[in-house]
Amino acid sequence: MAERIPESLQKKIEARLRYHEDLGIRLFYRERSAAARNSEQSGAAALSMPPSLIPVIEESSLPKSAPQPKLGPEKTSAALRDILPPPTGPSLFEAVDKVTDDTLLKIREDIGDCTRCKLHKGRHKIVFGDGNPKAELVFIGEGPGADEDMQGLPFVGRAGKLLTQMIEAMGLQRKDVYICNVVKCRPPENRSPYLLRQIDVIQPKVIVCLGAVAAKTLLETTRGISQFRGEWLQWRGRKLMATYHPAYLLRNPNAKGEVWKDLQKVMAELGLQVPKKNKS
């Protein structure tokens, strides 16, 4: 008889699965390393948890009424050197040649009905991106969820609705910004050079990474997002800020205040005023 999983570990696994459920991720590719095979055995019971056990969390409006935070002094690019590991060779993004006269339409045509990696086996639609092709603000998530996979649009599930609230709280609409993901098929895995081409074409003034996966991918770091969340960083000559993913906020509503502070820094950089209805 298999050894029973400790209750504390069981709760951690269930919490992690519920987090991925909020992201819309229900399928996982298995790593073939020995360590991953061992973890598969310990997590087998939790992976079979029926959807009925996953609680539904009501979304509250963002931001919560709270004293308007003061914007702190801008962080310099020196912070980036503390986050990134010493370079050991050309980065993923430096290895991608810049395409002359590139456009979003050309990028989408180059992607085509992509079968370059195994992610295509589980997808319905490629989720390329959506929004203003000349946006000053780009939001980057980790990858499409189930709702996004069916509609072919980024951030349209529960986490997407919360992101829309966040954008509207900034005095903007989704059509004013551009939204995309690190990868274009679900579930998230691997990194894509198409993201770099999208950013080069749009040439945003500010990039906001939603969640650890997007931030770690662009910054090529293994450090936790809490170590640099809310700080201005330089990335390929553009200002970048990492903040929590909307799916994380669904599970941790108390963190919305921190994200609102981050978004106000972004608004200040873009010259946007806090809408009167959001002022305390």
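These are my notebook entries on one predicted chain, from overall confidence down to single residues.

**Ground rules**

I number residues from 1 along each chain as its sequence is written, and my side-chain values use heavy atoms, with hydrogens and water left out. The model is predicted, so I keep local features only at pLDDT of at least 70 and side-chain atom pairs only at pLDDT 80 or more, while totals for chains, interfaces and linings use all residues.

**Confidence**

I started with pLDDT, the predictor's confidence in each residue, from 0 to 100. The chain has a mean of 78. I found that 67% of its residues reach 70 or more. Among the elements, strand β4 (residues 206-210) has the highest mean, 98. Helix α2 (residues 34-47) has the lowest, 44.

I then looked up where pLDDT stays under 50. One such stretch is residues 29-61, with 39 contacts beyond four places in sequence. Another is residues 65-79, with 20 such contacts. I count a contact when heavy atoms lie within 4.5 Å. Where pLDDT is low, the predicted coordinates should not be read in detail.

**Overall build**

I list 10 helices and six strands. These are DSSP runs numbered from the N terminus: helices are H or I with at least four residues, strands E with at least two. Of the 280 residues, 45% count as buried. My classes are buried under 20% relative accessible area, exposed over 50%, and partly exposed in between (1.4 Å probe, protein chains only).

The accessible surface comes to about 15,400 Å². Carbon and sulfur atoms hold 51% of that surface. The areas come from the Shrake-Rupley method with a 1.4 Å probe; for residues, only the protein chains shown count as cover. Among contacts between residues at least 6 apart in sequence, 76% join residues at least 24 apart.

**Core**

Which residues have the most contacts inside the largest nonpolar core? I read off Leu-137, Phe-139, Ile-140, Leu-218 and Val-266, in a core of 60 residues. Helix α10 gives the most to this core, with six residues. By definition, such a core is a set of buried Ala, Val, Leu, Ile, Met, Phe, Trp, Tyr and Cys residues joined through side-chain atoms within 4.5 Å.

Not counting residues up to four places away in sequence, Ile-140 touches several residues, including Cys-180, Leu-195, Ile-199, Val-208 and Leu-218.

**Helix α4**

Next I took α4, residues 104-111. Its buried residues are Leu-104, Ile-107 and Ile-111. The face turned away from the buried side carries the exposed residues Leu-105 and Glu-109. Just after α4, Gly-112 takes a positive phi of about 55°.

**Salt bridges**

Side chains of opposite charge can pair when their charged atoms come close. My rule is a side-chain nitrogen of Lys or Arg within 4 Å of a carboxyl oxygen of Asp or Glu. By this rule I count nine salt bridges.

Arg-197 pairs with Asp-110, the closest N and O atoms being 2.9 Å apart. This pair links helix α7 to helix α4, 87 residues apart. Arg-197 is buried at 11% relative accessibility. Asp-110 is partly exposed at 38%.

Asp-113 pairs with Arg-123, with closest N and O atoms 2.6 Å apart. Both sit in the loop between α4 and β1 (130-131), 10 residues apart. Buried or exposed? Asp-113 is exposed at 65%, and Arg-123 is buried at 13%.

Arg-229 pairs with Glu-258, with closest N and O atoms 3.4 Å apart. Arg-229 lies in the loop between α8 (212-219) and β5 (233-235) and Glu-258 in α10 (residues 256-270), so the pair ties together parts 29 residues apart in sequence. Shared partners join Arg-229, Glu-258, Lys-261 and Asp-262 into one network. Arg-229 is buried at 17%. Glu-258 is partly exposed at 32%.

**One last residue**

I finished on Ala-146, in helix α5 (residues 146-151). Ala-146 is buried, with a relative accessible area of 15%. The C-alpha atoms of Ala-146 and His-124 are separated by 9.2 Å, and the two residues are 22 apart along the chain.
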